[in-house]
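Let's take a walk through this one together. Have the sequence and the 3D view ready, and we'll go from one stop to the next.

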Amino acid sequence: MSMTADPPRWAEALLRAFLKPGDFESVSGDLLEQYRDSILPARGQVRANLWYATQVFTFVSPGVRLFATLFSAQFLIRTALDWFLPTANFHFRSTASTAVGVCTLFAAGFLAAWRSDSFATGAIGGSLTAAIASIMSIAGGAVMLAISHDPQTMAAIRSSGGFAEVVSLPLFMVLPGALLGVCGGVASAALKRLFLFSRP
Amino acid sequence: MADILGTFEQAVLLSILRLGEDAYGRAILREVQERLDRDVAAGAVHATLERLAKKGLVASRPGTGTPMRGGRARRFYRVQAKGVRALNDARAKADNLWHGLRWPLKGYI
């Protein structure tokens, strides 16, 4: 039993970001108590830290998980269209999928900030959504490639940017995800303020 | 009519009742895990407590911190009258569903 060992700081910061200010003390206290009292002595530092991080992710807004699923779903639908229904002009598809992606990340930031009462959480919500979505998208793309890799599909993949694009594009969305999340967070804070001021 | 409770909500409310004065986050989590006989995420219990509080089925008050918790205060929960009514209602509904059937079920398929 250790009264002084601490879990990773980044995990505590993430926990703080996704909880309402009034909830952080009791929730982080509960986790710290369990971490020091039973997890650390039984599992050691590395596995105890992993346990803590896993617990923190259970507090991440369910909205983030939902938006990550939506984001990767739209990305995979777009990829499937490019692979299996190739077109000469990708302009409409790319405009539509970019617009949906932007709206999804903005909404993720908006919701995360709305729940936590902190607009800064929007950045974490947006980037985390993009990060989770990129893992799901890359895995989904790999599954699609494993299922269908006949010469015709391979030619369509090459003409639509190649498989490297399927891997790199979702990862490139993490930083824009943070920026769009901030925008969502600011919009959320503004709307909340407007809502509070308009109350009698 | 009282709220219709899900199984997990019932597990959390009943754990709070069992723990009495000692019903705080970690203790509730442990009790729910024991009763459901499975691993439960702390986030799931927190989200449920938040939802139950919003519905007015539980109330909470801050307690004191301990060195083990880095001095951070506990939050103690109590089931409200509305929560007790909801639990009674859930139990009555479940009893009604099972009425006339022998348990454990045997010989129906």
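Start where the two chains meet: 18 residues of chain B and 25 residues of chain A take part in the contact. Keep in mind as you look around that this is a predicted model. Putting chain B and chain A together buries about 1,900 Å², and carbon and sulfur atoms account for 49% of that area. On the chain B side, look for B:R26, B:M68 and B:R72, the residues that lose the most area to chain A. Together these three give 41% of what the chain B side buries.

How many salt bridges does the rule find across the interface of chain B and chain A? There are seven.

Now let's step back and look at chain A by itself. Chain A has eight helices and zero strands, so its pattern along the sequence is simply α-α-α-α-α-α-α-α.

In chain A, find helix α5, residues 121–147, and helix α7, residues 163–172. Their axes come within 8 Å and cross at roughly 165°. An angle over 145 degrees counts as roughly antiparallel, and that is why α5(A) and α7(A) are described as roughly antiparallel to each other. The crossing of the two is right-handed.

Which residues make the contact? From α5(A) come A:A130, A:S134, A:S137, A:I138, A:G141, A:A142 and A:L145. From α7(A) come A:F163, A:V166, A:V167, A:P170 and A:L171. Sorted by class, this contact has nine nonpolar residues, three polar ones and no charged ones.

Finally, hop over to chain B for a couple of backbone details. B:D37 sits in the loop between α2 (25–36) and α3 (42–54) of chain B. What is its phi? The phi of B:D37 is positive, about 60°, although B:D37 is not a glycine. Further along, in the segment after α4 (81–98) of chain B, you'll come to B:P104. A cis peptide bond joins B:W103 to B:P104, with omega at about 0°.

Terms used
Residues are numbered from 1 along each chain as its sequence is written. Chains are lettered from A and ligands numbered from 1 in the order in which they are written. This is a predicted model: local features need pLDDT of at least 70, side-chain atom pairs count only at pLDDT 80 or more; totals for chains, interfaces and linings use all residues. Side-chain values use heavy atoms; hydrogens and water are left out. Axes are lines fitted to C-alpha atoms, for helices over the stretch in contact, and angles run from 0 to 180 degrees between N-to-C directions. Helices (H or I, at least four residues) and strands (E, at least two) are DSSP runs, numbered from the N terminus. Angles under 35 degrees count as roughly parallel, over 145 as roughly antiparallel, 65 to 115 as roughly perpendicular and the rest as oblique. A crossing is left-handed if the near helix is turned anticlockwise from the far one by less than a right angle, and right-handed if clockwise. Contact means heavy atoms within 4.5 Å. Ala, Val, Leu, Ile, Met, Phe, Trp, Tyr, Cys and Pro count as nonpolar, Asp, Glu, Lys and Arg as charged, and the others, Gly among them, as polar. Buried area is the accessible area (1.4 Å probe) that two parts lose on being put together, summed over both. A salt bridge is a side-chain nitrogen of Lys or Arg within 4 Å of a carboxyl oxygen of Asp or Glu.
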